[in-house]
Each structure stands twice: as C-alpha cells, then as structure tokens.
Protein chains: 2
Amino acid sequence: MKQETAEKWGLFRGLLQKIQSYHEAVALMNWDLRTGAPRKGAETRAKSIGLLSTEAFKMETSPEMGEYLAYLSQPAVMDELDDTQRRMVLDVQEEYERSVKIPPEKFQAYTELTAHAETLWEDFKENADFPGFEPYLTQIVEKTQEFIDYWGPKATRYDTLLHMYEPDLTVEKLDQVFGQLRDRLVPLVAAVTNAPNKPEAAFLKQRYDVGPQEKFSLFLLEQIGYDFEAGRVDETVHPFETTINHGDVRITTNYKQNDVASAIFSSLHEGGHALYEQNVADELAETPLGQGTSMGIHESQSRFWENVIGRSREFWNRYFGELQQHFPEQLKDVTAEMFYLAVNRAENSLIRIEADELTYNLHIIIRYEIEKMLFNEGLPVSELPKVWNEKYQTYLGLTPPDDGVGVLQDVHWSGGLFGYFPSYALGNMYAAQIAGTLRKEMPELDALVEAGNFQPIKEWLTDKIYKYGKSRKPAEIIKAVTGEDLNPDYLADYLEQKFKSIYGL
Amino acid sequence: MKQETAEKWGLFRGLLQKIQSYHEAVALMNWDLRTGAPRKGAETRAKSIGLLSTEAFKMETSPEMGEYLAYLSQPAVMDELDDTQRRMVLDVQEEYERSVKIPPEKFQAYTELTAHAETLWEDFKENADFPGFEPYLTQIVEKTQEFIDYWGPKATRYDTLLHMYEPDLTVEKLDQVFGQLRDRLVPLVAAVTNAPNKPEAAFLKQRYDVGPQEKFSLFLLEQIGYDFEAGRVDETVHPFETTINHGDVRITTNYKQNDVASAIFSSLHEGGHALYEQNVADELAETPLGQGTSMGIHESQSRFWENVIGRSREFWNRYFGELQQHFPEQLKDVTAEMFYLAVNRAENSLIRIEADELTYNLHIIIRYEIEKMLFNEGLPVSELPKVWNEKYQTYLGLTPPDDGVGVLQDVHWSGGLFGYFPSYALGNMYAAQIAGTLRKEMPELDALVEAGNFQPIKEWLTDKIYKYGKSRKPAEIIKAVTGEDLNPDYLADYLEQKFKSIYGL
C-alpha cells in the first residue's frame, strides 16, 4: 500500500470507527427504551436518539467521507487493497451514494413523518381505523416514490426497495420463486386444512409459571451456543435481537403465562440471529462489514434455529424430558412425540406473527404482491383493505373481520419499510436450502440434534456463513454454501415431507 | 431581548442541548456497564464512551462556545437576560474557562492515566501493594499540580481543587469548621468507645433472603417519594445514583444476604440523591443548571434521608413492623427500639465506607488533612502510608494491618479526585444544619416521620433546595435556608444528643 493510500485508509477507518461509536450509543439507548427505561424520560430520550443518529448520518454523508471514498474507489487504489478492504469501500460507498442523493430536508421530513406515523399506528390498529391511517400511509408511499426517483429506479420501481434489504434481489427473481413456492404451498395448505386428524395442542395453553419458563429458555440458549458473556437476555413485549457491539449481542424474549411454546420459539429465533452476529470474524468487528449480510440471510438463521432445529422431532426427543421436569403437572400425560406434533400444528390464520411454519410464507407472498401493486402498478392506498382482504380469502380462505387484524396488523408500513417483508420468506427458503447442504455434508445431523450436540452445527454455519459478516453478498453465500442459487424447492420439499408426515397425508 | 441576543441565546442553548444528548448517552453507557453489560463488550464500550465524551468536551470548549460566551457575558447583554439565564452563562463560562486552560494533549494524557490507574488500583488494593501503586499516584499528583498551575492557584493550591467540587469553599473555612468539628467529635467518640453498654446489633447479621429485602427497599423508596416512573432501581456492587435525563434518575443498591441493614441504608442514601435530582424545576431540565448544585449539597440530601430520617427512632417506630413481617423468624425477638439502637451502633473502624454516622466524619478529616499536605505542603506520595497510619491512630485509635485496608482503600485518588472527600463531611454538616431549620419551621416533623408522611418534608426541601438545581451556589442555599453560613455546631449538637442518649452518657 502506498503511503498516501495508507494515510487515506487510516482516516477512512478512523471516521468509520467514530460513526460506530454513535451507532453503539443509539443501539443501547433504543434497547434501554424497550427493556425498562422509565416512562418520564422517554421523550427526552427520543430527542437524544434523534440527535445522535443525525450526527452519525452527517458523518456518513460528510465531505470527508466523500473524499476518502473518491480516493479509495479509484481502480488503481482498489488494486492496493485486500479483498475485505475493497468490499468495505464498496459497501460504504453504496450507502453513501444512496444517502447523499436524498436532500437532507426531505430525509428529515420523512424521518419525522414515519416516527410520528409509527406512534399513531398503534391506535389506528387498536381501533381498526384504516381511514384514519390512510392519509399518513399515502404520504409515506408518496415520499418513498420520490426517494425511488432520487435513487433511480432499477428494473422496476419496487426493485429499488427490495435491493435495500436484500442486495441484488429482483422482482423478476422473486416472482419466479414466490410463484413456484405458492404453487406448491397452496395445495399442501389445503390438504393440511382438510386433514381429518390434527395434532392435539391444547395442553400448550395451560398455566405455565414464568420462572421455570425463563430457566428453560436460558438453558436452550446455552445449549445452542449463545455466548452469555457476549450478550444478555431480557423480556419485552415484542422479542428482538440487537447488536450493541461485537461483544454485546443482546436478545429479548417474551414469557406468556398461558402458552409454554411462545417463549421457547422466540428465544430460539432471536438466539439464531444472535449466533450469527456473535460469530462474525473478529477482524470485521466494529466495521460496517461486522454484521449479518442481509435481512434474508439473517432471517434464515433465526428460522434455522427456531424451526429446522427447534421444531424437529429430534430436538424434542432430547429436550422434552427437561421441560417436563419444569412442568411436571401440566405435562404429565404428554410425550416428546406429542409435544413435537403440538408445536407443529398448522392452521390458517389472519395474523402473520402468530402463523405457523407452513402457512407463514403465504402471509408474506400476500404482502409482496400488494407492495408490488403499490409501487409498480399504481394501486391507490385507499384500495389496500379491499386487496388485502381478497388475497387473504384467496390464499388462506379467511377474511379479516376488521382492518385491525387485517391490513393494519403490521408496523412495517408505518415506518416506511416497503420491500422488507420478502426477507421473512427468503429466510425460510435460505434456511431450508442451507439445511439441505448441511444434511448432505453432515449425515449425522439428526443424531447430533438428538444428542443436544450443536457445536459442530454452529461451527459449520460459522465457517460457511457467520464469519463472513457482510463481506459476502447473500447470493454469493447461498451459491458458495449450497452450490446453487436460491431455489424454493428446498423449502417446499421440507414442508411437504414434514407436514405430510405430521398430518398423515 | 435584542434580536442579536435572542439569536445568540438560541444558538447557545442549541449547542448546550446537543452536548446534553451526548452526556445522556455516556451516562447510560456507563450505567449499563455497571448494571449488566456483558464482559466481552466492555473494551469496545470503554472506547465508545471515551470517544463520545471527547466529542462532548470538544463542543464544550469549541470556538463557537467561546464566541457565544464572549457575546453573552458582556455586561450590557447580561442585563438583557433574566436571572436564570445569567447564571447559566456564568456556570458554562466557568467550566469553559477551566477546560480551555488545559492543553488538549495534557488533558488526554491525564484522562488515559487515571482510567488506567483506576483499573490497576483494584489489584494493588487487593494485594495491599502501595509501592506498586506509588508511581501511578505520583504521576497523578504531579499532573494535578500542573493543572493547578494552568488554572491559577487560589488562596492556596488546594483551594483550587476544593472549588471544583464545592464552589467558593476555602481551606481557611474548612480548617475552621473541621477544626471545630474535630474538637467536639474526638471526645464524643472517645466517650462512646468507652461506654460500658453498647447496643446489641448481632441480629442484623443473620441470613436475610434477598427477595424480601428488595421488596422492603423498594417500599421505603416509594414511601419517601422516589418517582419510579422517572427512574429505576438495579443492583450493583457499589450503589450509586446517576441522572440519565431529567425524567430518568436511576439508583442502584446492594443486597447482602448476611446483613439486613446494608441495602436499606444504601437505598435511602441513593434515594436521597435521586429525590434532589428528580425535583429540580422542569424549567432547568436538560440544561447545565438542571442538576444538584455541588457535591456537598448533594451529599447533604443523601445523608438527610439515610441518617437524619432513616436512622431516627420515629422512622423505625413506623417501619419496623413491616420489616418484621418480611423476616418474622430473624426478627421475632427484636423490637423497634432495639432495631433503632442497632442501626446506630457506633464503632471505630478502619474503612470509611463501612463507618457509622458518628465516626464517619473523622475518616474525612483525616483525608482532608492529608490532601492538604500533598498539595500545599509538598508531602511526597511515598510518605502517604506512614501519615495515613499515624492519623488513623490519632483520631480513631486504630492502625491498619496493611495498606489495602489503609491508604489504598478508596478509589478516589486513582481517578484524580483530590478535593472531593470533604464533600462527604460537608454533606453531614449541611444536612444537620438544614434539619435544624426544618425542625423549627415544621415542629410536627417527628410526628410526620412516625406517620410515614414524607410528602411535606419532600415539598419543603424541594421548595428550599431541590427546585433551584445548580442555579444557586451552595453557600447561597445554606444562607437562604438556614439564615446563616455553614456551621458545624449543628452536626456536633445532633450527634452529641443522639449518641449520648443511645449510649446513656
């Protein structure tokens, strides 16, 4: 590396380091707001979060940053950098270019609008008041359309949004994979719905004290390899994972006194996100590449640990006994097999976040189709409830009794998160595809799960996925790990096999 | 206010607001480190705290800040401001001038040295290794001496340090009040030490489960008026109070399984600090004046609630029954009176933080005399253990078996906190003096405490002290509340009366 390059690189890294400290502060301030900050400090806290985020944004789009990037991205200079350094420059540059294209006052107005709408959304949802929410949503869609113009539309306008959450994913590709998936899932869901025998699951909904639930959840997290010295577990209404810094990857879960399964699967889900973040290579720590590569790949890891592992027969063969010891009364007539069947009971339902592994994907396909209509086909916001209800009837045979449990159920749109929903189904597809390769390379997989020996599995995933952080694109990772591009047949095969067996089809 | 002044004032307040957000982030990051942040994230966290603190410091000493202050502090402009605004300008200006006098690289080096020394101190203390610690302490004293030169010594060099924690307090004044106090306390302590009958206190040291201790501590905090919607209570090894923002005033306490009194008095102590911070007037919130006015006045409030209220006979007449319900076995043969006597048992001891209300002040006077020798009389650091041990023998009749429980026992000096110790004894003196006035103005004081009705007391303190935050200097407050300057006789009278009665002297 030439001296000038070394100097510029040092300055660039120094600035990134500084920005990282701001992100750490903001992440902690947000975590704290959700885990136990007192009510009366929340307003000032929100302002402070806004201020520090804006400071970070200013540095990310500063003239210095522009200057470092302009220098470092020159082909001759790029040749002096190693692969990771090059990828860091490209990653930061992409964010930089996206950000500087938006006039700051537009960005500020958008941020204020979505912050406001997110707060209002709770009430509109509660009151099932779509007409009340409509003007806000209309503005958010309009401003998002304006941003797409600033960014420059890709193959379609919606492609621009998709790309933000899943780099290089296109409408063309998603139409194909979601089409393929839908065609295989709709008949499977119908068959399951009409199956004469359904697993008994009522015993999951007895009274289960929170204390033993917490012990068991923490035990499972420890079993799958969550590092408690590099994280902590708290309780919140909506579980989440947040990376404060590389040695501080926190998760939350939620204990329900009338549902023993909820906390278990929330913990495994967020634990999966955390395993990814905790096992990014130390060399990438505290850099823009020191995090999961995309929403879809991130979700593949939460789903892998929650569903592929956590909802497997082998898992409950191993752990049901332990759970039973915590709840001897409630589970005295239940066997491991019965428990396995119960936590896999599938049922058409109206609420995405309560959906089972099988029908979940249809909830996502519905949202994907609607978002595409909004951004590519000019669907007016006012039409959303009608389209939503029609699609729920078509795919799931249900019509929401009101918009609160229909089109208003998710917070995402109020925060401007269009293009995000597909990540959830991508996660399921990636997880199944990755699990297919894992099973081939590790034929003893079931035996390992049944022995509660997750170390080799975690190591395999670390070696193939986690350690790279954001230094590999999602498509690269999938290709490198599984030898092929995203292929929805893995998920369809996995679900078919699993649910046909469970439902005796 | 002229337009130019209004504009400058707006910019000045905007900059202060921004700095405040940084302080909020740093306070939360520190709180989190002490209450449960994972070990592996601590190193990065420390760096981030350093970075954000430095950013705040840069803004506090920035050319803009200098420009606003230069404009606003002009006599003609000061005339346009109201009293609170003027005091804010003066307060910020004083900090500014102190800070800009130190060359940044010196300040940086000092910060790194003390951070390092604080970490090392734990081991040196553990190993009672003063020679190991000596080179660090020598450097810290040297650098502090250098800072005194930059700041410009006051009447004596040590005055400069005192002033930082207790504005306008002088060695001359402290010599007088500490002399007066010492002359009255030494014979009292001797009499107590030689008293034939001592209160029975062994029952305090049985096994007390943490759960009920926690319930009782939280109950007491609620009783004295701590606002749980504007704060939270956690557990740490060393209890503390920290103001994250005006609506978020947190405290910690420490539950000891073999000591029922420890958490109660820690909670009341930190609760007293918190009552002060929570009741600063809203108009001062999130400004540099929105906090306690000095270390001494702050400490007076923690001591007032811990000792004057919490160690009173009336308090235990009211609350002992409740405590007994939590621990029926342990306290079955104990009465309210016995409990009152036990928590007031006085004993000469070696460790300041374990000292009782009576002897505590002697520990402080020892430290004050030693710090004065260090800064005003050229006492070499190497002589500290010898001087320390001699003074403990003189004042308390004890000689530490090693330096770990002697000169190395406090963290303060490793962090460069010279001039801070007197605040603790000032707190006791202020508390007794304020309580004297309170008792005159509220003759029903004892009855209120015995009824657990602290609302009028909290309101009186809010009206006289809390609401002003830092907009009144400590000396102003004491004069305005009690009608006279700091007078150690109130504390001496209070202690004499209390301990003569307890020890039947």
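# A walk through a two-chain predicted model

In this predicted model, A:His269 touches A:Glu299, A:Ser302, A:Arg303 and A:Glu306, when residues up to four places away in sequence are not counted. A:His269 itself lies in helix α11 of chain A, which covers residues 260-278, and with a relative accessible area of 11% this histidine is buried, since buried means under 20%. Leaving out residues up to four places away in sequence, A:His273 touches A:Glu241, A:His298, A:Glu299 and A:Ser302.

What does the UniProt record place at A:His269, A:His273 and A:Glu299? The entry, which is unreviewed, gives these three residues the feature "binding site". Although they are spread over 31 residues of sequence, they cluster in space, and the largest C-alpha distance is 8.7 Å.

We can now turn to a helix that bears on this region. Helix α12 of chain A runs over residues 295-309, and its 15 residues reach 20 Å from the first C-alpha to the last, which is close to the 21 Å expected at 1.5 Å a residue. Where does α12(A) bend? The bend, of about 35°, is at A:Arg303, a residue that is also one of those touched by A:His269. Because 14 of the 15 residues of α12(A) are buried, this helix is largely enclosed by the rest of the structure.

Further along chain A, A:Thr359 has its place in the loop between α14 (336-342) and α15 (360-376). Is A:Thr359 buried or exposed? At 1% relative accessibility it counts as buried, and, if its neighbours within four places in sequence are left aside, A:Thr359 is in contact with A:Val189, A:Glu347, A:Asn348 and A:Leu396.

In chain B, helix α15 covers residues 360-376, and its 17 residues reach 24 Å from the first C-alpha to the last, close to the 24 Å expected at 1.5 Å a residue. Since 16 of the 17 residues of α15(B) are buried, that helix is largely enclosed by the rest of the structure. After α15(B) comes B:Gly378, whose phi is positive, near 70°.

It remains to ask how the chains are arranged. Two copies of a chain are related by a rotation about an axis together with a shift along it. Here a rotation of 180°, with 0.0 Å of shift along its axis, superposes chain A on chain B with an RMSD of 0.1 Å. That is the relation of a two-fold axis. Both copies use the same surface, as 100% of the contact residues of chain A recur in chain B. Which residue of chain A comes closest to the rotation axis? A:Ala25 does, with its C-alpha at 3.0 Å.

The contact itself takes 34 residues from chain A and 34 residues from chain B. The size of an interface is often given as the accessible area lost when the parts come together. Between chain A and chain B the buried area is about 2,800 Å², and carbon and sulfur atoms give 51% of it. On the side of chain A, the residues A:Pro38, A:Lys40 and A:Glu229 supply 18% of the area that this chain buries against chain B, which is more than any other three residues supply.

Terms used. Residues are numbered from 1 along each chain as its sequence is written. Chains are lettered from A and ligands numbered from 1 in the order in which they are written. This is a predicted model: local features need pLDDT of at least 70, side-chain atom pairs count only at pLDDT 80 or more; totals for chains, interfaces and linings use all residues. Side-chain values use heavy atoms; hydrogens and water are left out. Helices (H or I, at least four residues) and strands (E, at least two) are DSSP runs, numbered from the N terminus. The expected span of a helix is 1.5 Å times one less than its number of residues. The bend at a residue is the angle between axes fitted to the seven residues ending there and the seven starting there. Buried means under 20% relative accessible area, exposed over 50%, partly exposed in between (1.4 Å probe, protein chains only). Contact means heavy atoms within 4.5 Å. Copies are superposed by least squares on the C-alpha atoms of residues with pLDDT of at least 70 in both. UniProt positions are given in the numbering used here, feature names are shortened, and annotations may be inferred rather than shown by experiment. Buried area is the accessible area (1.4 Å probe) that two parts lose on being put together, summed over both.
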